[in-house]
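Please prepare a short briefing on the structure shown below. Group the points by topic.

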Amino acid sequence: MNAMFSKAVWSPYVAGALVGILAAIAVVVSTNVLPKPKYLGTSTTFVRIAGLIEKQFAAEHVAGNEYFKAKKVKIDWQMMLVAGIFLGALLSSLIGKTFNTEKVPSMWAEFYGKNRLVRAGAAFIGGFIALFGVRLAGGCPSGHGLSGTMQLAVSGLIAMVFFLAGGILTAGIVYKRRK
Amino acid sequence: MELFLGVCTGILFGFLLQKGQVLRFEKQVGFLRLKDMTIIKFMLSAVLVGMVGIYLFKDLGIISLKIKATHIGAQTLGGLLFGIGWAIFGYCPGTAIGALGEGRWHVLWGVVGMLAGAAAYAEAYPFLKTTVLSWGSYGKITFAELLHVNHWLIITVFAFIITGLFWLFEKKRI
């Protein structure tokens, strides 16, 4: 058992199947203990954190914004889930000895070099577009891709198909080998 | 209790994402360049097991579903936008936080970008609500409801498609 936990890498089939079990059990547990069932999802947390930060500067503006009102700017189950993802990944990478403070991803460097500022700018712009898009779509690869498709939701599969279409087309342009 | 349950679920989720190598930039972008199917193997395995579990518990009356409404305009446009950002950044919201956990500090800039994107969306929401979000709304529907068939039939079809894809990935060694 110990040997399994300290292994650096698990088969994606095994790790994924365990996430499937986790997702179903999380719904059963939350249904029994909390007022509402909880399905895996992460992106609304970014809205809530943005709201919590903005509140420090413009409390009235946040209180009056329709979207912040609908999503409720507070610490909730999902925000703790996101914090847990950080802790779980940290724990797993320390046990498996794969924790690595890399400056720039190696595949990124193959195309755009090791300049940290260039990578930081691209990550900021990419993150901005991604979160805006994901909120418009109403969920991320966790909320739509995992939880949505698991429930056979039409919205989940449509979103996932367009996530992949947008991603694959863009990657084909951004990471194109120059001859 | 709500917060405690959330963090426990998250730790297990993050642990499995890390062990499955889903948090690596090379795996995310490698998939979008169609060179490495690791993240899609992980995701489809979770869907395969999860859909059986969820509907089993639902049929037993233990849980209820929580379906997101279908808005064709928002899911296609928003989906494409997300895809563009995903390819440039190299992470989705959940995996970005996980990647920070395994030491990839450069992800922090992307996280700041995501928070700015979330704030911008909150400002744009009143406009989007009356435009894109109102195009092609069909409510909270599942494929079983849409096609008027038993959900286990859909699950069987999905299971065949997913295992077929797995077979293809292994055959092509990607």
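Predicted model: local features only at pLDDT ≥ 70, side-chain atom pairs only at ≥ 80, totals over all residues.

Residues are numbered from 1 along each chain as its sequence is written, chains are lettered from A and ligands numbered from 1 in the order in which they are written, and side-chain values use heavy atoms, with hydrogens and water left out.

**Chain A overall**

- Chain A has 10 helices and 0 strands; helices (H or I, at least four residues) and strands (E, at least two) are DSSP runs, numbered from the N terminus.
- Along the principal axes, the C-alpha atoms of chain A fill a box of roughly 55 × 45 × 35 Å.
- Of its 179 residues, 54% count as buried, where buried means under 20% relative accessible area, exposed over 50% and partly exposed in between (1.4 Å probe, protein chains only).
- Among contacts in chain A with a separation of 6 or more, 55% join residues 24 or more positions apart; contact means heavy atoms within 4.5 Å.

**Interface between chains A and B**

- The size of an interface is often given as the accessible area lost when the parts come together.
- Here the buried area is about 10400 Å², and carbon and sulfur atoms give 75% of it; buried area is the accessible area (1.4 Å probe) that two parts lose on being put together, summed over both.
- A:Tyr13, A:Leu136 and A:Leu152 supply 8% of the area that chain A buries against chain B, more than any other three residues.
- In terms of residues, 120 of chain A are in contact with 114 of chain B.

**Helix pair α9(A) and α10(A)**

- The axes of α9 (residues 141-150) and α10 (residues 154-174) of chain A come within 8 Å and cross at roughly 130°; axes are lines fitted to C-alpha atoms, for helices over the stretch in contact, and angles run from 0 to 180 degrees between N-to-C directions.
- That angle makes α9(A) oblique to α10(A), given that angles under 35 degrees count as roughly parallel, over 145 as roughly antiparallel, 65 to 115 as roughly perpendicular and the rest as oblique.
- The contact of α9(A) with α10(A) has 5 nonpolar, 6 polar and no charged residues; Ala, Val, Leu, Ile, Met, Phe, Trp, Tyr, Cys and Pro count as nonpolar, Asp, Glu, Lys and Arg as charged, and the others, Gly among them, as polar.

**Helix pair α2(B) and α3(B)**

- The axes of α2(B) and α3(B) (residues 38-59) come within 7 Å and cross at roughly 90°, so the two helices are roughly perpendicular.
- B:Lys27, B:Gln28 and B:Phe31 of α2(B) make the contact with B:Thr38, B:Ile39 and B:Ile40 of α3(B).
- By class, this contact has 3 nonpolar, 2 polar and 1 charged residues.

- B:Gln21 sits in the loop between α1 (2-19) and α2 (25-32) and has a positive phi near 65° without being a glycine; B:Gln21 counts as partly exposed because its relative accessibility is 22%.
- B:His148, in the loop between α7 (143-147) and α8 (151-172), also is not a glycine and has a positive phi of about 55°; at 73% relative accessibility, B:His148 counts as exposed.
- B:Thr95 belongs to helix α5 (residues 93-101) and counts as buried because its relative accessibility is 5%.
- Leaving aside neighbours within four places in sequence, B:Thr95 is in contact with B:Val22, B:Leu23 and B:Gln28.
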